[in-house]
Amino acid sequence: MWKHIAANALTLGVVLVIAVAIGVQIGKSRWVAEGPLAEPVFFEVERGASLRTVSRDLAEAGVITSDAIFRIGADYTEQADLLKFGTYEIPPGASMPEVLEILTSGAASVFPYSVTLVLRAQGPEIRVRERVPGEPSPVEVATYVPGVDDVPAEATALIERGVPITWRVSVAPGLTSWEVVEGLKAADFLTGEVEVPAEGALAPDTYEVAQGSERGALIARMEEAQERILAEAWANRAPGLPIETPEEAMILASIVEKETGVPEERYTVAGVFTNRLEQGMRLQTDPTVIYGITRGQGGLGRGIRASELRRETPYNTYVIDGLPPTPIANPGAESIRAALNPEETDYVFFVADGTGGHAFAETLAEHNANVDRWRDIEAERAAQETDGG
């Protein structure tokens with residue numbers, strides 16, 4: 001009898017072992033199998049959410065086939081406690097290990113909506129965009145000028161619904177510190193007062209912020225970023241430059257930034273100004289004259305008068321020797337690098353060429369010919385405008 005019981009127990013044990021082995025194999029297969037998602041989706045891990053809650057939500061959203069297998073896999077791979085809160089894009093067909101990797105990566109949240117305050121020379125603009133899962137570029141929801149246009153209903157609706165939103169501030173290169181501060185005042189998603197910082201101290205870039213962030217904290221981030229950029233560029237500067245301090249480098253970089261909007265020209269323009277400084281020539285650059293008139297508080301809105309070109313001010317580089325006393329704008333990183341690693345060239349002149357760029361010259365005769373061509377282009381454009389009117 002005991003032999004019969006033992007045999008049955010052994011048989012049952014073997015069956016259980018086989019069943020467990022089969023179950024484990026099935027679980028492993030489902031763990032690594034392609035997921036059920038047919039289309040990409042956004043998935044939010046709420047702050048403090050447990051693995052059980054996240055796995056259940058994933059299953060309900062159709063991202064995974066089994067919340068139990070997901071939890072077992074997370075425990076087995078020792079990632080159960082590594083979930084990071086945020087919103088993530090899950091691609092179609094993602095397996096459970098791939099989903100777990102996304103949710104534990106700590107990558108920046110990918111919110112479906114973004115509100116960006118864009119600070120430009122023309123003034124601030126707010127752009128509301130929606131990111132559609134799987135699409136490379138966001139689609140426009142609304143664009144408006146704060147303080148001038150009414151807030152579009154589409155933008156108001158997003159705020160009222162409380163959907164996850166990425167808030168950003170994008171600062172274009174070449175803005176003055178006054179223009180940046182005035183632009184930040186237009187953002188109703190920022191708070192607090194702020195003084196206008198030193199010219200050139202702010203790094204143009206796109207910054208993510210939290211709704212309700214202090215403007216002063218954002219300014220501090222811009223200042224820290226600019227300090228890092230300048231320190232790195234100064235440490236890697238070309239030898240023998242007619243620039244003695246990082247402050248002078250920033251001044252020259254701001255002039256380069258304002259003189260050309262063509263990225264590939266920056267190093268050539270920097271080379272021209274470097275040559276002028278080395279040869280004792282005056283810089284003779286209009287943007288410094290304009291800054292001396294406006295002190296960076298907006299554009300001039302007209303042409304420079306002949307009397308203004310003759311008037312001696314600290315910023316009139318047609319009259320003074322060398323650099324002006326301060327930067328005239330906040331240059332981008334590439335203009336700073338260009339000022340400290342200028343192109344080796346014999347050019348000492350340049351003038352607009354009608355394409356948005358410049359024509360460069362080594363001699364005054366060449367330069368005068370380029371100027372004549374530019375004046376012909378201006379005259380032709382004026383005639384076309386008159387005919388069109």
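Okay, let's start with the largest pocket: α9, β10 (349–352) and α13 (364–388) each supply at least two residues of its lining. Helices here are DSSP runs of H or I with at least four residues, strands are runs of E with at least two, and both are numbered from the N terminus. Before I go on, this is a predicted model, where local features need pLDDT of at least 70 and side-chain atom pairs count only at pLDDT 80 or more, while totals for chains, interfaces and linings use all residues. Residues are numbered from 1 along each chain as its sequence is written, and side-chain values use heavy atoms, with hydrogens and water left out.

Back to the pocket. Its space comes to about 680 Å³. The lining has 20 residues, and the closest to the centre are Q284, D286, Y318, F350 and V351. Which element gives the most to that lining? That's α13, with 5 residues. By pocket I mean an open set of points on a 1 Å grid over the protein atoms alone, where a 1.4 Å probe fits, with protein on both sides within 12 Å along at least five of seven lines; a lining residue has an atom within 4 Å of a point. Points are joined across faces, edges and corners, and the volume is the space filled by probe spheres set on them.

Now look at T268, which is in helix α9 (residues 266–279). Is T268 buried or exposed? It's buried, at 10% relative accessible area; the cut-offs are under 20% for buried and over 50% for exposed, with partly exposed in between, using a 1.4 Å probe and protein chains only. Skipping neighbours within four places in sequence, T268 is in contact with E343, Y347 and F360, where contact means heavy atoms within 4.5 Å.

Five strands make an open sheet with mixed pairing, in the order β5-β4-β3-β6-β8. β5 (139–144) and β8 (206–209) are at the edges with a single partner strand each, so one side of each has no neighbour in the sheet. From one strand to the next, the twist averages 25°. Two strands pair if DSSP finds at least two bridges between them. Inside this sheet, β3 (residues 113–120) and β4 (residues 123–130) run antiparallel, joined by 8 bridges, and R120 has G123 in β4 as its bridge partner.

Helix α7 (residues 215–235) lies across β6 and β8, at about 140° to β8. Those angles run from 0 to 180 degrees between N-to-C directions, with axes fitted to C-alpha atoms, for helices over the stretch in contact.

Elsewhere, β1 (residues 41–45) and β2 pair antiparallel over 5 bridges, and V45 sits opposite G86 in β2. In β2 (residues 86–90), 4 of the 5 residues are buried.

Last stop: G303, in the loop between α10 (286–294) and α11 (306–310). G303 is exposed, at 51%.
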